[in-house]
Amino acid sequence: MQGRLPSINSSSPQGYSLVLAEHHYDLDAELRVASQLVQHGVDAFVFVGLDHHPALFSLLEDYGRPYVLTWGVDPLHRHPSVGFDNHAAAYEVTRHLIELGHRRIGLLSAPLPGNDRAMTRGTGMRAALADAGLQLASHHVQYAPIHLDTAEQGMAKLISQSDRPTAVVATNDIFAVGGMIACRKAGLCIPRDMSITGIDNTDLGATQTPGLTSVCTPIIEIGHAAAEQLMARLEGQPYEAFQSFPIEVVYRGSTAPPQYKKPSL
């Protein structure tokens with residue numbers, strides 16, 4: 001797999017350019033693309049996530065140019081990083097559902113290989129359930145590529161079960177909105193029949209009807225901080241190697257107490 005490397009001119013007064021590459025959570029591909037960028041003589045790197053191919057860090061150490069990891073903060077402080085607590089993000093929305101009275105809660109997530117954010121968010125959800133004396137049933141979990149269609153398919157499998165969840169935690173807003181689409185097609189009313197939460201607080205989720213309860217993550221702040229750190233390092237200026245930004249749950253209409261069916265008389 002070869003990543004495309006389009007160049008985008010930035011408007012920074014320092015005159016830096018930005019080169020973007022994607023690898024779709026394939027860490028081998030990420031390593032190959034990073035090697036290509038080294039050959040092109042880039043000044044610095046920004047990487048998404050904390051988990052990467054071990055050879056990547058050897059490559060970066062040999063190259064000797066600054067790099068920073070984003071969307072999480074290295075707990076061992078081995079690598080400069082800027083992000084937020086993904087564990088806490090999922091923990092907080094799960095706790096919100098538990099406080100509403102939900103006991104059967106499902107999970108819609110990206111596949112875990114190469115994606116530490118998905119793994120950490122799933123761990124945060126399970127921790128919230130455990131603290132409330134609950135467990136995540138294995139058949140209430142669906143993994144899928146990050147796309148509305150695959151999220152819809154995953155949710156369709158969850159709601160087809162006889163003991164379907166009354167609420168679902170989606171590890172990002174794309175999964176959550178795909179889940180909402182599946183519920184509408186199945187004739188389920190949100191939040192009466194199904195509560196759904198997301199993470200990232202995107203316009204996609206906020207403009208749904210009802211609006212999506214989600215976690216506001218510091219996307220812009222992370223980007224600014226990562227760029228400022230790298231420019232400071234390139235210019236020999238002081239910098240803060242590790243920065244963690246706060247998160248906040250934004251409550252909207254997609255969550256409500258569960259409506260359990262009353263037994264027939």
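Predicted model: local features only at pLDDT ≥ 70, side-chain atom pairs only at ≥ 80, totals over all residues.
Colleague: What makes strand 8 and strand 9 a pair?

Modeller: Two strands count as paired when DSSP finds at least two bridges between them, and strand 8 (residues 167-170) and strand 9 have three bridges in the parallel sense, so they meet that condition. One of these links joins V169 to its bridge partner T197 in strand 9.

Colleague: Why are strand 7 and strand 9 called edge strands?

Modeller: The open sheet has four strands in the order 7-6-8-9, with parallel pairing, and strand 7 (141-143) and strand 9 (195-197) each pair on one side only. Neighbouring strands of this sheet are turned by 15 degrees against each other on average, direction ignored.

Colleague: How do you know that helix 3 packs on the sheet?

Modeller: Contact requires heavy atoms within 4.5 Å, and helix 3 (residues 86-100) touches strand 6 (105-109), strand 8 and strand 9, with its direction at about 170 degrees to that of strand 8. Helix 6 (residues 173-185) also lies across strand 6, strand 8 and strand 9, running at about 160 degrees to strand 9.

Colleague: What is known of the interface between domain 1 and domain 2?

Modeller: The domain assignment gives domain 1 as 27-84 + 218-245 and domain 2 as 86-216, and about 680 Å² is buried between them, with carbon and sulfur atoms giving 53% of that area. D51, W71 and F84 supply 55% of the area that domain 1 buries against domain 2, more than any other three residues.

Terms used: Residues numbered from 1 in each chain as written. Heavy atoms only, no water. Helix = DSSP H or I, 4+ residues; strand = E, 2+ residues; numbered from the N terminus. Axes fitted to C-alpha atoms, helices over the stretch in contact; angles between N-to-C directions. Domains from an automatic or database assignment. Buried area = accessible area lost by both parts, 1.4 Å probe.
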